[in-house]
Amino acid sequence: MTLATLSDVIQPALKHGYAVAGLVTLGWEDMRAFVAAAEAEEVPVILQAGPSCREHTPLPILGRMFRHLAENATVPVVAHLDHGYTAEDCRIAIDSGFTSVMFDGSRKPLTENIGQTAAIVQMAHQAGVSCEGEIGFVGYSGGETSAGTDPEEAAQFARDTGVDAMAISVGNVHLQQDKEGGLDMDRIRAIEAVTSVPLVIHGGSGVPVAQRTALARTSSICKFNIGTELRMVFGQALRHAVNADPTRFDRVQILKETHDPVVAATRRVLQAFKGA
């Protein structure tokens with residue numbers, strides 16, 4: 001069994017100069033491909049259940065799926081709740097066998113975010129589960145705009161919550177389909193100067209690959225969340241499989257053809273986060 005907590009995989013990453021991918025799952029086909037890619041690259045992986053995934057599949061089912069994959073994997077696998085917006089979201093995830101939860105209070109005033117996150121950290125730690133928090137709102141492509149993380153607020157947040165990992169807003173944007181942007185290095189260095197907690201980049205799909213590698217090796221950023229670019233690969237493979245034979249209707253046969261393309265794309269993502 002290689003089920004791991006978030007701390008189990010990101011503390012070694014922080015120490016040895018690499019990062020771990022938090023891969024946003026939507027269903028069995030992609031999460032299975034993500035674990036296969038991690039095994040091929042011999043690296044740990046974080047399987048993440050975000051809000052859209054949870055709308056489709058209940059948390060208790062996702063917990064069993066994640067744990068089944070972890071128990072049969074040859075690499076450490078983290079079962080992670082992504083963007084839990086309430087204490088109840090996090091409690092259900094913990095009760096469902098998740099080994100890590102992320103509470104997102106980034107839209108709240110600082111004092112409220114700290115207080116609520118600290119309470120969830122305590123609940124998680126009592127259950128032997130890791131907890132990630134977010135300070136500074138990470139916006140969405142074509143939607144809400146980001147509010148960059150203030151380094152002094154980040155220091156206070158890390159100190160007063162006891163989070164195991166801290167998501168920051170440094171030019172990253174959710175759901176970005178291109179890699180034309182780049183992260184704010186000055187802000188990252190300023191946050192690193194006043195904190196020691198492992199840092200997390202949400203919206204990692206929009207970060208140029210060379211910058212991902214450089215930050216994995218030379219910064220406190222130990223976790224990059226990747227969703228959009230792998231969902232695009234899945235969608236392309238699924239479209240090709242459906243259109244290749246209009247008479248075919250067996251969804252299992254169709255979905256099988258997404259596996260190899262997603263594994264190959266995921267391997268490329270994972271390779272960028274390896275150490276020197």
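## A buried aromatic pair

Phe66 and Phe98 are both buried, where buried means under 20% relative accessible area, exposed over 50% and partly exposed in between, with a 1.4 Å probe and protein chains only. This is a predicted model, in which local features need pLDDT of at least 70, side-chain atom pairs count only at pLDDT 80 or more, and totals for chains, interfaces and linings use all residues. Residues are numbered from 1 along each chain as its sequence is written, and side-chain values use heavy atoms, with hydrogens and water left out.

## Aromatic pairs

How many aromatic pairs does a search of the whole structure find? There are two, with rings of Phe, Tyr and Trp (its six-membered ring) pairing if their centres lie within 6.5 Å; planes under 30 degrees apart count as stacked, over 60 as edge-to-face and the rest as tilted.

The ring centres of Phe66 and Phe98 are 5.6 Å apart and the planes stand at 65°, so this pair is edge-to-face. Phe66 sits in helix α4 (residues 59–71) and Phe98 in the loop between α5 (87–95) and β5 (100–103), so parts 32 residues apart in sequence are tied together.

Phe224 and Phe273, in contrast, are stacked, with 4.9 Å centre to centre and 15° between the planes. Both Phe224 and Phe273 are buried.

## The nonpolar cores

Phe98 turns up again in the largest nonpolar core, which has 68 residues: Phe98, Val101 and Met166 touch the most other members. Such a core is a set of buried Ala, Val, Leu, Ile, Met, Phe, Trp, Tyr and Cys residues joined through side-chain atoms within 4.5 Å. Apart from it lies another core of 12 residues, including Ile10 and Val200.

Definitions and conventions: Helix = DSSP H or I, 4+ residues; strand = E, 2+ residues; numbered from the N terminus.
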